[in-house]
Amino acid sequence: MKRIGTVFAAILVAGTAVAWAQIPTVLKVGVFDANRVSEETDEGKRIAAKLSAFGDRKKAELAAKEKEIAEIRAQLDSQNLSLSPEKQQQMQKDAQKKGLELQQAQESARNEFQIEVSEAQNRFQEQLIRVINQFGRDEGFTLVLERSTGGVAFASESIDVTTAIVDKFNEMVKAPAEAPAAAKPPAAPAPAKKP
């Protein structure tokens, strides 16, 4: 019986040694904050500005529709006594129709904005994963975790690599080239001077 215990202990020690031999001698771990990467990278700022401009454009379109409805209602209120019943009914019908159009436009704007945000997030996420993979390989990391979604309850500031990832992201992901300015027509030749 003693011999079986000794053999079992020897097998356990040998198995543990093999398992430890497979683990790299030095683990290099880093954590990063995806929100900071989104806010601090040139691409993140460009996307935020694009989404903000899109939202502003949609708000302006909706405000114009709201103004149109308010003008019809104000006209109805101010001219209520002087309008014929048919004209009042037509204006009320127009206001209701414009109100429905506004509701549809609001819903459409919400849906369009959600699509824009979703596409931008997906594109940014793909770029971020590519950058982190390259960063991890270049810097010799064993593991790089995202602070909030990686299940990280605590991480020392000494292993925070957010700033380095922001720099790598800006290096790897360049903003799309702006459309070239419209070519200017060649200048007309100066009139020849008379001798």
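Ser-156 is situated in the loop between S2 and H5. In this predicted model, Ser-156 is partly exposed, its relative accessible area being 30%. Although 126 residues separate Ser-156 from Gly-30 in sequence, their C-alpha atoms are 9.4 Å apart in space. The loop between S2 and H5 also holds Ser-158, which counts as exposed, at 66% relative accessibility. A separation of 9.5 Å was computed between the C-alpha atoms of Ser-158 and Val-31, residues that lie 127 places apart along the chain.

The overall architecture was examined next. The protein contains 5 helices and 2 strands, and from the N terminus on these elements follow the order α-β-α-α-α-β-α. Among contacts between residues at least 6 apart in sequence, 83% join residues at least 24 apart. Of the 195 residues, 23% count as buried. The accessible surface comes to about 14,700 Å², and carbon and sulfur atoms account for 58% of this area.

Helices H3 and H4 form a pair whose axes come within 9 Å and cross at roughly 175 degrees. Because angles over 145 degrees are classed as roughly antiparallel, H3 is roughly antiparallel to H4. The residues of the contact of H3 with H4 comprise 16 nonpolar, 8 polar and 12 charged. Lys-58 is located in helix H3. With a relative accessible area of 15%, Lys-58 is buried, because the threshold for burial is under 20%. When neighbours within four places in sequence are left aside, Lys-58 is in contact with Ala-109 and Glu-112.

The largest nonpolar core consists of 17 residues, of which Phe-32, Val-37, Phe-124, Leu-128, Val-161, Ile-165 and Phe-169 touch the most other members. At least two residues of this core are supplied by each of helix H3 (42-78), helix H4 (85-139) and helix H5 (162-172). The greatest contribution is that of H4, which gives 7 residues. Apart from this core lies another, made up of 5 residues that include Leu-62, Ile-69, Ala-105 and Ala-109.

Within the largest core, Ile-165 is one of the residues touching the most other members. Neighbours within four places in sequence aside, the contacts of Ile-165 are Phe-32, Val-37, Leu-128, Val-131, Ile-132, Phe-135 and Val-144. Ile-165 is also one of the buried residues of H5, which are Thr-162, Ile-165, Val-166, Lys-168, Phe-169 and Asn-170. The cover over these buried residues includes strand S1 (29-32), helix H2 (34-40), H3, H4 and strand S2 (143-146).

A lysine is also found among the buried residues of H5. Lys-168 lies in helix H5 and has a relative accessible area of 14%, so that Lys-168 is classed as buried. Not counting residues up to four places away in sequence, Lys-168 touches Val-131, Gln-134, Phe-135 and Asp-138. Of these, Val-131 and Phe-135 are also in contact with Ile-165.

Methods: Residues numbered from 1 in each chain as written. Predicted model: local features only at pLDDT ≥ 70, side-chain atom pairs only at ≥ 80, totals over all residues. Heavy atoms only, no water. Core = buried A, V, L, I, M, F, W, Y, C linked by side-chain atoms within 4.5 Å. Buried < 20%, exposed > 50% of the residue type's maximum accessible area, 1.4 Å probe, protein only. Helix = DSSP H or I, 4+ residues; strand = E, 2+ residues; numbered from the N terminus. Contact = heavy atoms within 4.5 Å. Areas by Shrake-Rupley, 256 points an atom, 1.4 Å probe, with all protein chains shown as cover. Axes fitted to C-alpha atoms, helices over the stretch in contact; angles between N-to-C directions. Parallel < 35°, antiparallel > 145°, perpendicular 65-115°, else oblique. Nonpolar A, V, L, I, M, F, W, Y, C, P; charged D, E, K, R; others polar.
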